Amino acid sequence: IGGTPPQEAMVDKIVQAFTITPEYLEQITQHFLSEMRKGLNQEDQTIAMIPSFVEGRLTGEEIGQFLALDLGGTNLRVVLVDLQGRGNFTTKSTKYKVSEHLKTGDVKELYNFIADCIDSFLTEHNLDYGTADIHLGYTFSFPVYQSKINRGLQKQWTKGFNCSGAIGKDPVILLQDALAKKHVPVLVSALVNDTVGTLLSNAYSKPETNAGIILGTGSNGAYIEKMSNIRKWTGGATSSDEMIINMEFGAFDNERVILPVTPWDNKLDRESINPHKQIFEKMISGMYLGEIARNVLLELVDRTLLFEGYSSKELNSQWGFETTYMSTIEADQGDSLKNTHRVLASSLNIPNVSEVDCRIVKRVCDLVGTRAARLAAAAIAGIVRQSSSVQDGCDIGIDGSLYEFYPSFEQRIEQGLTELFPDVPDINKKIRLGLAKDGSGVGAALCACVAKKMA
Ligand code: ADP
């Protein structure tokens, strides 16, 4: 860093706190795997391991026009998907902003808003199927106890949503009722977690897909499990010996027995709207990484080891340091760290910082970002070990801006996987990570298509 001895000492301490050695990463992976198995054996475990009711695999013959609705990310999206078979499709979509008021108010208001969005989408795209309802796959990326492909009860909210009147209710019924009241000709035929959708959309063109992972606002995963391993299953006979499991791994280690939780993570957690929940998600996903980095930077400021002890209103505000700033700063490779200076001056209102300051900020981003990617690698390794697909090779579809845009995120995951499978040469050719773009839209359409066939 080239700073003063107290600066160097504090940076060393931060490095220590965020570094996950290969041995430690292996321990985390083993714990993750044992928690997965607990979740398969019994209800109400930390990793919920929720059966999705999506059985078997896609054939590639899935064809037709479907709607998808995506709630749970930064925006609400309505998507028209035209499935053309064998991985081919076209989509048209519109995004709608969900206000803070709707995210935390009465859930009826939220669903009235959603029904209006779907209605205006149909008008905008001139969609009128006469007497037949259009089938819709509802991507609902919050924990749900699923009881059928189009039925489930919501367990909790995450990621900044906290509406009243939703927990214990069926999101499909809430949506279908709101649509019915407004006479919108749409049938909600599948309830899909975004991870399940990501898996399906990747599998549409890559049949060896075993898992879908989200690395966006939040983080979660789904994978294909053998029915015989789902010991807690009481749903009777199924048409296939495999089913997709929505893991809800964001809650992994809420007990904090293994993860390298730092004081800066604890501060984030305490100030969040869901303290003690989603601990793993809070260490690896887009909504939170900037906030962890902000907490570290503020401690440095408070110790007058950064910006000469000066802060700004922006840096002092919760969520004031966005994860996108980290991307810009991590991508800033020049000696002068021009873009880091620019982010600090223009986005955070901290002008005239020293080069040492910039290097410290960049180092903090590197540490927070690298830890996130390595923890994501532990989750992926756990899934691969459980589904014993490493020798055969498998595809893993990943969706989310963090994976898509954060510099080196993918390489850092791959580095973690290399350490976790020391005996497998070319592990990154065996575990093939790939961007499942628009996973939630196409995946929900595929799920609606499968459900329509089953019905
Ligand atoms: P979703 O909300 O559906 O998960 P995204 O996958 O776009 O949507 O994820 C949004 C999250 O990703 C936000 O938390 C945002 O901070 C983060 N993000 C968006 N763009 C970038 C970027 N270029 N670099 C790092 N993080 C990003």
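These questions and answers cover a sheet, a ligand shell and a helix pair in a predicted model.

User: Which strands are the edge strands of the open sheet?

Analyst: The sheet is open and mixed, with 5 strands in the order β4-β3-β2-β5-β8. An edge strand here pairs on one side only. That picks out β4 (88–96) and β8 (186–192).

User: Which residue in β5 is the bridge partner of Ala68?

Analyst: Strand β2 covers residues 63–71, and β5 covers residues 134–140. The two run parallel and are joined by 5 bridges. In β5, Ala68 is partnered by Gly137.

User: At what angle does helix α5 run to β8?

Analyst: Helix α5 spans residues 171–181. It lies across two strands, β5 and β8. Its angle to β8 is about 165°.

User: How many residues of the shell around the ligand are charged?

Analyst: The ligand has 15 residues around it, with Gly73, Gly216, Gly286, Ser327 and Phe405 coming nearest. Helices α9 (286–302), α11 (323–331) and α14 (401–405) each give the shell at least two residues. By class, the shell holds 10 polar residues, 4 nonpolar and, charged, 1.

User: Is α12 roughly parallel or roughly perpendicular to α13, and why?

Analyst: The axes of α12 (residues 338–347) and α13 (residues 355–386) come within 10 Å and cross at roughly 90°. Angles of 65 to 115 degrees count as roughly perpendicular. Therefore α12 is, relative to α13, roughly perpendicular.

User: Which residues in α13 meet α12?

Analyst: The contact has 3 nonpolar, 2 polar and 1 charged residues. From α12 come Thr340, His341 and Leu344. In α13 they meet Cys358, Val361 and Lys362.

How values were computed. Residues are numbered from 1 along each chain as its sequence is written. This is a predicted model: local features need pLDDT of at least 70, side-chain atom pairs count only at pLDDT 80 or more; totals for chains, interfaces and linings use all residues. Two strands pair if DSSP finds at least two bridges between them. Helices (H or I, at least four residues) and strands (E, at least two) are DSSP runs, numbered from the N terminus. Two residues are in contact if their C-beta atoms, placed from the backbone, lie within 7 Å. Axes are lines fitted to C-alpha atoms, for helices over the stretch in contact, and angles run from 0 to 180 degrees between N-to-C directions. A residue is near a molecule or strand if its C-beta atom, placed from the backbone, lies within 6 Å of it. Ala, Val, Leu, Ile, Met, Phe, Trp, Tyr, Cys and Pro count as nonpolar, Asp, Glu, Lys and Arg as charged, and the others, Gly among them, as polar. Angles under 35 degrees count as roughly parallel, over 145 as roughly antiparallel, 65 to 115 as roughly perpendicular and the rest as oblique.
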